[in-house]
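Open the model in a viewer and keep the selection tool ready.

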Amino acid sequence: MTNCAGLGSDFFDQDCKSLARALLGQTLVRVVEGKRLCGRVVEVESYLGGNDVASHSHHGKRTPRNEPMYMQPGTAYVYSIYGLYYCFNISSKEAGSAVLIRSLEPMEGQESMLAFRESRRATVSKHASKKSPKLKPHQLCNGPSKLCIALDIDKARFNKTDLCVSPELFIEAGKSVEAEEVVECKRVGIESVELPWRDEPLRYYVRGCASVSVRDRSAEAAVNHVQGCSS
């Protein structure tokens, strides 16, 4: 059975790095009570398993938590962090590998995204001394946990979901991003990981997109230099 609205298993059946790059420019769709909330994928990270010590499955580690990383390509791996937030990943071809979706550029359903984000912000900051300013469109999904809140993605409902058949969460064909528009750099939030994996260029994002969570200026400069030399 295939979800005719989304990309099929052939798309996800590729190595982790290739899948990460291929996901840039595609559309992540979440259907909530019949309404589409979706955004263009603009930032991802590869977690390769094996020797990649930043991966939950490094050295073949297999637990109930990371089981989706060993399931068929295109399986959702949703895990919690700090007991408050979620991160959404997609399994790739190699056993124990997955792509973390870090940021989206909102496309449809921004009012609902904002409502979900504001509701969570109110819960977390109810004891704050002053009210937080209203979120701008590019801030709705500019981080892995932020996009999960904005699209109402949680572990209980979507962990181990087959994105090829789900009517509620899937990847829809968008427009691929040209290689010269992709910035490759080290991943975010793994400072404690040992070298060389801490600095491996396994994060990919769309250059110049305001919805990217964290810009790597040095990596962007390198891209600009290469383009300048080739022009």
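Select strand 3 (76-81), strand 4 (85-91), helix 3 (110-124) and helix 4 (144-150): each gives at least two residues to the lining of the largest pocket. Helices here are DSSP runs of H or I with at least four residues, strands are DSSP runs of E with at least two, and both are numbered from the N terminus. A pocket is an open set of points on a 1 Å grid over the protein atoms alone, where a 1.4 Å probe fits, with protein on both sides within 12 Å along at least five of seven lines; its lining residues have an atom within 4 Å of a point.

The model is predicted: local features need pLDDT of at least 70 and side-chain atom pairs pLDDT 80 or more, while totals for chains, interfaces and linings use all residues. Residues are numbered from 1 along each chain as its sequence is written, and side-chain values use heavy atoms, with hydrogens and water left out.

Now select Ile81, Tyr82, Tyr85, Ser145 and Lys146, which lie nearest the centre of the largest pocket among its 15 lining residues. The space in this pocket is about 350 Å³, where a volume is the space filled by probe spheres set on the grid points, joined across faces, edges and corners. Colour the lining by class and you get 8 nonpolar, 3 polar and 4 charged residues. Nonpolar covers Ala, Val, Leu, Ile, Met, Phe, Trp, Tyr, Cys and Pro; charged covers Asp, Glu, Lys and Arg; the others, Gly among them, are polar.

Move on to the second largest pocket, with a volume of about 290 Å³. Select Tyr47, His56, Tyr79, Val188 and Ile190, the closest to its centre of the 18 residues that line this pocket. Strand 2 (35-47), strand 3, strand 4 and strand 5 (98-108) each give two or more residues to the lining. Strand 5 has the largest share, 3 residues. By class, this lining divides into 12 nonpolar, 4 polar and 2 charged residues.

Next come the salt bridges (a side-chain nitrogen of Lys or Arg within 4 Å of a carboxyl oxygen of Asp or Glu). The structure holds 18 of them. Select Asp152 and Arg30, whose side chains meet at 3.5 Å, N to O. Asp152 is in the loop between helix 4 and helix 5 (155-158) and Arg30 is in strand 1 (residues 27-32), 122 residues apart. Is Arg30 buried or exposed? Arg30 is buried, at a relative accessible area of 2%; buried means under 20%, exposed over 50%, and partly exposed in between, with a 1.4 Å probe and protein chains only.

Select Glu172 and Arg36 for another salt bridge, at 2.9 Å, N to O. Glu172 lies in strand 6 (residues 169-172) and Arg36 in strand 2, so this pair ties together parts that are 136 residues apart in sequence. Arg36 is partly exposed, at 27% relative accessibility.

Finish with the cysteines. How many disulfides does the structure hold? There are 0 disulfides, a disulfide being a pair of cysteine sulfur atoms within 2.5 Å. Select Cys38, which is in no disulfide: its nearest cysteine sulfur, that of Cys141, is 9.8 Å away. Cys38 is buried, at 0% relative accessibility.
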